[in-house]
Structure formats: structure tokens, C-alpha cells
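Subject: The structure I promised you

Hi,

Here is the structure I said I would pass on. Have a look at it first, and then read on for my notes.

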Amino acid sequence: MTSTAPRKKLTTSAMIASFADPGQRTTSAPFGHALNRLAEERPEIVGLSADLAKYTDMHVFRDAHPDRFFQMGMAEQVMLGAAAGMAEVGLVPFASTYSVFATRRAYDFLCLDIAEPGLNVNVVGALPGLTTGYGPSHQATEDLAILRGCPNLTIVDPCDSVDIEQAVPALAAAPGPTYLRLLRGAVPTVLDEYDYRFELGKAAELRTGRDVVLVSTGLMTMRALQAAARLEADSVDVAVLHVPTIKPLDTEAILRAARTDRLLVTLENHTVIGGLAESVASTLAFAGVGTRVVPVALPDEFLAAGALPTLHDRYGLSTDAVVARVKAELGGAAAGHRPPAVWPADPAPATA
Amino acid sequence: MTASTSPAVPDTADTADRQQRIEQIRQAAHRIRRNALDMGEVQGQGYIGQALGVADVLAVVYADQLRFRPEDPHWADRDRFLLSIGHYAIALYAALAEAGIIPVEELETYGSDDSRLPMSAMASYTPGTEISGGSLGHGLGVATGMALGLRLQGNPARVYDLLSDGELDEGSTWEAAMSCAHHGLDNVTAIVDMNALQADGPTTGVLRTEPVTDKWRAFGWHALRVDGNDVAALVDAFDEARAHRGSPSVVICDTRIGHGVPLLAAREKAHFMRVEEHEWQIARDQLQEGLAR
């Protein structure tokens with residue numbers, strides 16, 4: 001499609017992609033610096049990358065600990081196999097690449113070399129979900145769906161630099177394998193404004209609210225908090241439950257959040273298939289809780305290339321889109337007149 | 001197939017010692033074959049042909065080359081032997097029993113429910129089994145990491161990885177081959193069992209892998225090719241591989257499926273060999289006759 005009309009030019013490079021809002025507080029390369037701090041305390045920490053150290057913030061560790069960094073080349077299968085071998089001899093590896101390569105390209109190695117023996121290997125995947133405008137080759141929109149079925153694996157989707165800094169030592173301390181959805185470069189710093197500490201396997205209620213509960217993970221927690229603030233101005237009282245650990249899921253916290261008459265919305269930077277929305281939905285269904293789940297997630301499609309702000313708007317991940325979705329679900333009416341969020345156990349099928 | 005390398009001629013003073021080593025290994029290989037036949041009989045079928053073919057290689061590894069403590073399979077300074085080809089479990093268990101790491105009596109549980117000896121080798125089941133192989137193309141990558149880690153830790157232990165020629169089809173094997181060479185991992189010895197057969201038929205028809213020796217050399221490896229059923233040639237090759245510095249070594253072993261048991265060696269080659277009930281004793285008798293010769 002072509003157009004001759006002048007338009008505002010938005011550009012996003014996959015290499016320098018940042019989803020930080022203009023003027024937002026950020027922290028540079030929180031993963032690399034956190035790994036360095038950890039490495040000072042734990043000599044068994046080592047790093048590997050598959051020709052993407054510079055683009056996964058691993059270069060910070062590489063430069064500080066060159067003898068403990070291993071360049072594995074553009075060869076993700078041997079990188080994960082070798083990380084397993086290092087863990088077998090007592091080291092604690094962090095292996096970084098893009099999420100698409102860690103999951104699609106090298107899954108057999110993550111699964112059988114690392115997860116099956118339950119080794120303490122920490123796989124770090126950059127560009128999770130829709131955090132690059134490069135198109136499907138680089139957009140790991142289904143990494144959680146691929147990995148949730150893998151036994152033994154702990155999966156963490158951090159919100160911001162605070163989450164990443166605190167998750168890195170926690171992941172190394174956990175005895176088994178982990179997968180971290182990495183946010184790299186200039187990473188927003190958000191959660192220090194809340195009474196929050198990252199705790200592996202635990203969800204955290206960042207704010208309370210009587211009308212709506214947003215159950216969010218990863219960078220979508222940042223959007224959830226922004227949306228909640230905006231909705232508050234419209235007298236909608238919105239709670240935010242941040243779920244940084246996708247597996248094992250804090251099902252108790254999710255069930256507590258769902259056992260009210262609030263509208264329950266899940267938010268994730270991932271396809272609607274196999275990620276947070278379905279994790280929450282199955283948690284509720286398995287517990288016999290009939291709360292409806294409204295998913296804010298990427299569609300089951302290969303996504304377009306383009307500028308991130310454009311794409312986040314188009315696919316419903318922007319704060320504007322989240323606010324609009326919540327309002328639509330509330331029926332565009334005042335909070336007190338919204339349709340019931342809790343449906344009967346055996347509802348009649350809706351008809352048009 | 002003849003060796004493409006000429007191992008150094010040993011001094012006269014060493015000859016007696018060397019002959020003793022070779023005889024000891026031959027005896028071990030005989031017992032490994034015997035163990036494998038006993039296990040094969042439990043299930044009535046299996047990768048018995050491969051086990052007989054690779055028995056001499058495993059005998060050299062376990063009876064001569066590998067540093068390990070049978071009573072302490074997790075000893076930190078042990079040499080690691082990785083069975084990348086998990087379906088060779090029957091051969092590995094036969095060797096582990098010969099090495100004293102598992103009791104010989106336990107072999108009769110092979111492949112049975114609740115046995116520590118599953119049909120495909122897994123680290124979580126069996127003492128002395130370093131990795132869970134079977135999804136081919138994994139072993140050399142794990143070996144790469146172990147070797148890098150051991151070197152970083154100043155541990156002189158070596159890492160051996162047994163692959164098959166069919167496994168050379170897997171791209172990940174060559175990722176790992178490049179990696180070992182790039183990192184100069186002279187503490188790695190890869191062993192390729194060239195039995196020329198894979199699941200769908202002869203390797204030459206499934207996916208041509210030759211010239212195998214040239215490929216490894218082009219990838220930066222010190223490559224030796226030997227008759228994998230010639231114990232003396234194997235000993236020389238493994239000694240040379242262990243002494244070599246600056247790059248990883250590979251011992252490419254041309255083996256014969258069913259070697260040591262004419263009944264099975266002469267049978268039409270099958271990846272997964274069926275043996276009739278009455279044939280197991282014949283096989284054992286033939287094996288015994290072979291040792292006496």
C-alpha cells in the first residue's frame with residue numbers, strides 16, 4: 001500500500017529498540033550490571049552468548065569478566081548444550097541470545113540438555129513478544145507458549161529494570177533451569193515507586209482497586225499501571241496484580257484476585273495462545289471459578305514489521321489501547337453499571 | 001578399512017607392556033560382548049549388532065584410557081565419557097558392568113520396568129551415565145561445555161564423546177565441532193563409530209557423510225581413522241589423541257556390526273536386529289570360540 005500523503009515518521013530499529021516512553025526514567029543495561037554484581041560474589045557464574053553479547057547486555061559482563069565469558073558464535077544449539085555441560089561441572093551459566101533463537105531454534109537443547117537433568121542454567125532471551133519492529137523472524141510472540149510445556153523450567157517475564165536486577169540473583173540461586181525474558185538497553189525503571197520486591201514464583205499486588213483487576217506480566221505491568229492511573233481519573237478503581245513468574249504460576253494470588261466481582265483483565269506481551277491469559281484461565285477453570293477472563297494479548301498471527309509505538313497501538317498493547325479495552329468491557333458506562341464480570345456456571349451461549 | 005595414520009612405533013622396552021595392555025583390553029572387550037548378549041537375550045532384540053561392533057572401542061576407553069573411580073561415579077576429577085548415541089545403552093551398560101560401576105548381575109534387568117538400565121541411556125537412571133543421549137546431535141555440544149568448564153576450573157580431566165556416523169547428519173554436531181576447535185579444546189576426544197548403517201539403511205544411501213576424516217580436519221580437529229575392531233590400532237590412536245595439544249582430537253573408528261559373533265555379523269544388516277530365542281546360546285558359543293583363537 002502506498003500513500004503520497006505526508007505523515008509523521010516513526011522508526012524503530014530492532015537493534016536499538018526501546019519501548020520506554022519519551023522522558024521516562026530508565027536504567028542502562030540492568031541485566032549486564034546485575035550479572036556483574038552477582039559474579040563478584042559467586043565465582044561459578046559464567047556467561048555465554050551466541051554472537052549477541054552486545055545486543056543482550058551480556059557485553060557488560062564480558063568486558064568485566066573476559067575469562068568467564070564464552071563467545072559461542074551464531075550457534076544457539078551448541079551454546080545451550082555447552083551451557084548444560086558447564087552446569088554439569090558445577091558452574092552457573094547465563095546464556096543469552098534472542099528469544100526466537102533460544103526457543104524456536106534451540107528448543108531441543110534447552111529441553112533435553114538443560115531442563116531434563118534439571119541443571120542450573122539460566123537462559124536469557126532478548127526481544128520477547130513484540131519488542132522489535134523487525135517482523136516475525138525476531139518477534140518471539142510465542143516463546144511462553146513453547147516453554148510453558150517444558151517440565152522443570154522456571155519462566156520469568158520482568159516488568160522493568162528493578163525486576164531484572166532482583167531476578168538475576170534469584171534465578172542463579174534457584175537450583176533448576178530458568179528462562180528470563182530480557183529487556184535490554186535503556187530499560188524503564190518503574191517498580192521502585194512501589195512497595196515491591198521481586199520474589200521468584202510470587203505475584204505482587206502493586207495497587208488495589210474495587211472495579212477492575214489487571215493481572216499483568218512483563219512490560220505490560222508498566223502499561224497496566226499507566227492505564228490504572230488514567231482510569232482512576234475517570235473514577236474507575238483499578239487493581240494491578242503483577243505476575244513476573246509465569247511458571248510456576250502463583251495460582252493462589254490469581255484465585256484470590258479472581259474471587260471478587262471485579263472485571264478481570266490479563267495483560268501480556270505475547271500471543272493470546274499459551275501465555276498468561278490461558279494460564280490464568282486454566283487456573284480458574286481447574287479451581288471451578290467461573291470468572292470471565294478478558295485477554296489483552298497479541299493476536300494469533302505473524303505480526304507486521306514497523307515502528308514499535310505503531311505496532312503496540314495496532315495490536316492493543318499500548319496504554320491507550322488498554323484503557324480503551326477496559327472501558328469497552330465496562331460497557332462505556334460508569335463502573336457501577338457494568339455488565340457482570342462473573343458469569344453463571346453454565347451460561348447460555350451469547351447470540352448476536 | 002585401513003588406518004590413514006601411522007602411529008609411532010613403540011620402543012622395544014615398551015613392547016611387552018603394550019602387549020599386556022592389548023591383551024587386557026581384548027579380554028575386557030570379550031566380557032563386554034558377553035554382557036551385551038546376555039542383555040539382548042532379556043529383550044529378544046535390540047541394538048545388539050552395534051554393541052558387538054563398538055565393544056572394542058568401549059573396552060579401550062574403559063579398560064585403558066578413562067580415569068574414574070568405580071565406587072564414586074561423581075568424583076570431580078574423573079574423565080567424562082558421554083554417550084551421545086543413547087540407543088547404544090546396551091553397549092554402555094555392558095561396559096559399565098565390566099568397569100565395576102554397576103554390578104554384572106543387574107544387567108538382567110535391562111529394559112525392564114523400574115530398572116536402572118533403560119533401553120535409551122539416561123543420566124538420571126544409571127550410575128556412570130553422564131548425559132541423557134538419544135536425541136542425536138547433543139553429546140558433542142555438552143562435551144564442549146564440560147571441557148570449557150573443566151579448563152576454567154583448572155581440572156585436568158578429559159571429556160570423551162561417542163557419536164555415530166549417522167549422527168554426523170545433525171547440524172548441531174558440526175556447530176559443536178567448530179566450537180571445540182575454536183576454543184582449542186585439546187581435552188576433548190570425540191569418537192565416531194563408523195558402522196555405515198543408520199535407521200533407514202546404509203549411511204551412504206541415507207545421507208552421504210564421507211569424506212569424514214577430511215571434514216573433521218577441515219573443522220580444525222586432529223583426526224585419526226582406525227579399524228575400530230583392531231585393539232592395537234585403537235590403543236595407538238587413543239594414546240595419540242590424549243597426547244595431542246592445541247586442538248581437539250577425533251578417533252574415527254570403522255567398526256563391523258555384529259563383530260565377534262559370525263552368526264550376527266553375517267546377518268543382513270539391520271539397525272534394530274532381531275535374534276531368535278535359540279540363537280543367543282549359539283552367539284555366546286561363537287563368541288567364546290573367537291576368544292580362544
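A word on terms before the details: two strands count as paired if DSSP finds at least two bridges between them. Please also keep in mind that this is a predicted model.

With that in hand, take β4 (residues 92-98) and β5 (residues 122-126) of chain A, which run parallel to one another and are joined by five bridges. Within this pairing, Ala95(A) has Val123(A) of β5(A) as its bridge partner.

Both strands belong to an open, seven-stranded sheet in chain A, ordered β3-β2-β4-β5-β7-β6-β12, and the pairing in this sheet is mixed. At its edges are β3 (69-71) and β12 (245-247) of chain A; each has a single partner strand, so one side of each is left without a neighbour in the sheet. On average, neighbouring strands are turned by 20° against each other, ignoring direction.

There is a helix to look at here too. α7 (residues 161-173) of chain A packs on the sheet and touches β2 (45-49), β4, β5, β6 (154-156) and β7 (178-182) of chain A. The direction of α7(A) makes about 165° with that of β7(A).

Now to where the chains meet. Chain A puts 21 residues into the contact and chain B puts in 20 residues. On the chain B side, the elements giving two or more residues are α4 (139-152) and α5 (171-182), and α4(B) gives the most, with nine residues. By type, this side of chain B has 11 polar residues, eight nonpolar and one charged.

Enjoy exploring it!

Best wishes

Definitions and conventions
Residues are numbered from 1 along each chain as its sequence is written. Chains are lettered from A and ligands numbered from 1 in the order in which they are written. This is a predicted model: local features need pLDDT of at least 70, side-chain atom pairs count only at pLDDT 80 or more; totals for chains, interfaces and linings use all residues. Two residues are in contact if their C-beta atoms, placed from the backbone, lie within 7 Å. Helices (H or I, at least four residues) and strands (E, at least two) are DSSP runs, numbered from the N terminus. Ala, Val, Leu, Ile, Met, Phe, Trp, Tyr, Cys and Pro count as nonpolar, Asp, Glu, Lys and Arg as charged, and the others, Gly among them, as polar. Axes are lines fitted to C-alpha atoms, for helices over the stretch in contact, and angles run from 0 to 180 degrees between N-to-C directions.
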